[in-house]
Amino acid sequence: MEKKPTLSPSKITTYLACPVKYRWTHVDARGRWYMKAKSYFSFGASLHKVLERFHDSGDTGVETTHQALAALEENWLEAGFSSADEMADAYGEGKAIIERYVEEAQIARAGADTLFVEKFLKRDMGDFVLVGRLDRVDEHEDGTLEVVDYKSGRATVKPEDVAQDIAMSCYQLLLKEQYPDRNIKATIVSLRTGDQASYTMAPEEMDEFEFSLKELGRTMLCHNYFELVPIKKGLCLDCDFLPLCKKHHEFED
């Protein structure tokens with residue numbers, strides 16, 4: 001039997017931002033030769049790895065601030081930085097973030113246990129399989145499961161930001177499939193400032209989101225990407241694929 005295609009929050013958000021970018025990223029193999037390493041991806045991935053180890057009950061090597069900073073050094077990714085000075089500044093910021101996070105987490109997390117970290121989940125959506133990797137899921141004393149997502153590129157977050165975040169809605173949908181009898185809430189944590197906010201989808205919201213996601217998935221899978229004509233957008237100037245778009249198409253304003 002032929003495997004169903006998979007869609008992830010990353011794929012979905014890329015498509016919604018620009019179907020042409022989705023083509024070069026996920027459909028047309030020529031795009032891979034134009035993709036460049038990004039310093040912000042390296043920065044975020046480095047922090048995520050440390051926090052994964054810090055919250056993993058099976059990893060006894062990262063429990064203190066000193067151990068967390070050692071883990072940052074061990075897991076630091078250098079790709080994408082334009083200079084040694086830029087990387088040094090980022091590394092210094094990363095150390096400050098980890099120090100504050102560990103100190104605050106040791107105080108603030110009473111009443112919740114981490115159920116799992118970096119958990120890969122999937123859900124059959126009919127025409128495709130929705131997949132996602134959850135940064136962390138905590139279990140609270142009342143049985144509520146909290147999906148926690150780390151953001152290294154933002155300073156503030158509000159409940160409406162969580163409510164409108166496609167990835168967070170996908171994560172709630174995925175987790176509800178595994179734990180249908182539990183209350184689910186989603187939380188975004190800004191690593192730069194410690195700011196965080198939460199939102200819980202009502203049952204009718206989750207049903208509506210699932211329906212819309214299935215419709216969007218079918219559209220994505222049936223799209224003829226090779227007939228797309230690029231349209232100028234604000235994201236074009238910083239896009240890796242701008243040379244490809246200019247080479248194969250004339251931009252439409």
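This is a predicted model: local features need pLDDT of at least 70, side-chain atom pairs count only at pLDDT 80 or more; totals for chains, interfaces and linings use all residues.
Local features need pLDDT of at least 70 and side-chain atom pairs count only at pLDDT 80 or more, whereas totals for chains, interfaces and linings use all residues. Residues are numbered from 1 along each chain as its sequence is written, and side-chain values use heavy atoms, with hydrogens and water left out.

Two packed helices are described by the angle between their axes and the distance between the axes. Helices α1 (residues 9-17) and α8 (residues 203-222) pack with axes 11 Å apart, at an angle of about 70°; helices (H or I, at least four residues) and strands (E, at least two) are DSSP runs, numbered from the N terminus. Axes are lines fitted to C-alpha atoms, for helices over the stretch in contact, and angles run from 0 to 180 degrees between N-to-C directions. The two helices, α1 and α8, are therefore roughly perpendicular (65 to 115 degrees). Lys 11, Ile 12, Tyr 15 and Leu 16 of α1 meet Leu 213, Leu 216, Thr 219 and Met 220 of α8 (contact: heavy atoms within 4.5 Å).

The largest nonpolar core comprises 41 residues, and Ile 12, Leu 130, Leu 175, Leu 213 and Met 220 have the most contacts inside it. Helix α7 (residues 166-178) gives the most to this core, with seven residues. A nonpolar core is a set of buried Ala, Val, Leu, Ile, Met, Phe, Trp, Tyr and Cys residues joined through side-chain atoms within 4.5 Å; buried means under 20% relative accessible area, exposed over 50%, and partly exposed in between (1.4 Å probe, protein chains only).

Not counting residues up to four places away in sequence, Leu 175 touches Phe 116, Leu 121, Leu 134, Val 137, Leu 145, Val 147 and Ile 184. Val 137 is found in strand β3 (residues 129-140) and counts as buried because its relative accessibility is 0%.

In the whole structure, 18 salt bridges are found, each a side-chain nitrogen of Lys or Arg within 4 Å of a carboxyl oxygen of Asp or Glu. Asp 28 pairs with Arg 23, the closest N and O atoms being 3.0 Å apart, and both Asp 28 and Arg 23 are buried. In helix α8, Glu 210 and Lys 214 lie four residues apart, about one turn of the helix, and form a salt bridge with closest N and O atoms 3.5 Å apart. Glu 210 counts as buried at 16% relative accessibility, whereas Lys 214, at 26%, counts as partly exposed. A network of salt bridges links Arg 123, Glu 177, Glu 210 and Lys 214.

Notes:
Angles under 35 degrees count as roughly parallel, over 145 as roughly antiparallel, 65 to 115 as roughly perpendicular and the rest as oblique.
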